Amino acid sequence: MSATPYLDLPRARRARGQVALPGSKSISNRVLLLAALAGGRTEISGLLDSDDTRVMLAALRQLGVAVDDAGPGRVVVTGAGRFPVKQAELFLGNAGTAFRPLTAALALMNGQYRLGGVPRMHERPIGDLVDALRQWGAQIDYLAHDGYPPLQIGAGQVRAGAPARVQGAVSSQFLTALLLAAPVLAQGSDTPVVIEVAGELISKPYIEITLNLMARYGVQVQRDGWRSFTVPPGAAYRSPGAIAVEGDASSASYFLALGAIGGGPVRVTGVGADSIQGDVAFARTLADMGAQVEFGPDWIQARGVQVGQGQRLKAFDADFNLIPDAAMTAAALALYADGPCRLRNIGSWRVKETDRIHAMHTELAKLGATVESGPDWLRVTPPAPGSWRDAHIGTYDDHRMAMCFSLAAFGPAAVRILDPGCVSKTFPDYFDVYAGLVSGEPDRHDD
């Protein structure tokens, strides 16, 4: 699909079925790096096959880590605690979940590395992470603009001594990167490695994922709330032998939303009540909007209204700081609400794959919605009857823009998705899976 310039979505009225979710991007790239830094052999199953994970796999192989394919969604990683290759130039695309953690790990490897990516990656801030790593003695230089990639990493005099202090308000990936790399520093140290957070920490559930996975690899992080994190001296990652990647809870949001506006039921498998991912909380947003949501240990199911028959979801005014990715799906659902909807505390959208507040504002307005926005908020008033407009939806090379605007096909307007292949970042066959769930026919029976 990557060569397809656009995709015209057929008018949708009904959605029902079951989806086996692809692996979580956040978990996949964390698990790969942890396996590379751990002693021993790790068999990973359920790994996401996407642009972001391919970037991480290619980087690890380039750094001398043994990574063997073991079938679809399966790899075997043999780690050695440190990367064998001490000089490399890495291209990391627009993969923040690869770029930020690799920056931290490489800064502690006593080597020479150059890290770059696509132009948008060079617009995504990394200064807060670099400042924190320099407090450990890392040598990192900016190759273009201060505070942004590309980066040159040198052989600094790294040490565990003073705490590394990182800002928490821009991206939780900075703290995740420091946490994942900290045991590299702790291994040869007789003092603990301390990370302190300055200001409010956003996207806390993603830090929970990081801590949970570090524990699976044998490193228990002591913490003082969300302010301070301590890795004990001598801590080192050990392979768990085998680890399975959960389904992607962010991707689940699109399908659960289909159940909420297309009658349903739509069930996703691979993520459920036992998930370690915070984005499962999106199901509560759907329930607040009037959908019926059920949970199992590894599945979630939603059914709701049929907007094609004039039914509406309940409007919302909510803080989405904890689930910023799934919040984009909520913004698209605002098209079908019974009043204005407000998304608050979403400032992190500004520094994602694109400026998502600007992008959502622009594209929702194309469809006829009345949209207002600010530094960290978005307000969407759904189109009045007769006010929907046909639209060519720009996706800004952002996978989540393409996927969440597939929901617009349930409105009365003609919808064209531009550059649908951008979904390859996390879900290459998204539109095929979507087409298997939706129908243009009204439901003939009620179950």
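Author: The lining of the largest cavity consists, by class, of six nonpolar, 14 polar and 12 charged residues. Here Ala, Val, Leu, Ile, Met, Phe, Trp, Tyr, Cys and Pro count as nonpolar, Asp, Glu, Lys and Arg as charged, and the others, Gly among them, as polar. The model is predicted, with local features needing pLDDT of at least 70 and side-chain atom pairs counting only at pLDDT 80 or more, while totals for chains, interfaces and linings use all residues. Residues are numbered from 1 along each chain as its sequence is written, and side-chain values use heavy atoms, without hydrogens or water.

Rolling a probe the size of a water molecule over the atoms shows where empty space is left. On a 1 Å grid over the protein atoms alone, a cavity is a set of points where a 1.4 Å probe fits but cannot get out; a pocket is an open set with protein on both sides within 12 Å along at least five of seven lines; and lining residues have an atom within 4 Å of a point. Grid points are joined across faces, edges and corners, and a volume is the space filled by probe spheres set on the points.

The largest has a volume of about 330 Å³. Of its 32 lining residues, Ser26, Thr97, Gln173, Tyr206 and Asp325 lie nearest the centre. At least two lining residues come from each of helix H1 (25-37), helix H3 (96-107), helix H5 (172-186) and helix H6 (204-216), and H1 gives the largest share, four residues. Helices (H or I, at least four residues) are DSSP runs, numbered from the N terminus. Domain 1 (6-23 + 246-439) and domain 2 (25-225) each contribute at least three residues to this lining; the domain bounds come from an automatic or database assignment.

An unreviewed entry lists Asp325 under "active site", and its "binding site" annotation covers Lys25, Ser26, Arg30, Ser171, Ser172, Gln173, Ser203, Asp325 and Lys352. The lining of the largest cavity takes in Lys25, Ser26, Arg30, Ser171, Ser172, Gln173, Ser203, Asp325 and Lys352 from this set. UniProt positions are given in the numbering used here, feature names are shortened, and annotations may be inferred rather than shown by experiment.

Asp325 lies in helix H9 (residues 324-333), and Asp325 counts as buried because its relative accessibility is 9%. Lys25, in helix H1, is likewise buried, at 8% relative accessible area. Buried means under 20% relative accessible area, exposed over 50%, and partly exposed in between (1.4 Å probe, protein chains only).

The second largest cavity has a volume of about 40 Å³. Its lining is formed by Arg100, Arg124, Val170, Ser171, Gln173, Ser348, Val351 and Lys352, which divide into two nonpolar, three polar and three charged residues. This lining, too, draws at least three residues from each of domain 1 and domain 2.

Finally, the largest pocket has a volume of about 230 Å³. It is lined by 17 residues, of which Asp51, Asn94, Asp397, Ser424 and Lys425 lie nearest its centre. Helix H2 (residues 51-62) gives the most to this lining, three residues. Because domain 1 and domain 2 both give residues to the lining, the largest pocket lies between them.
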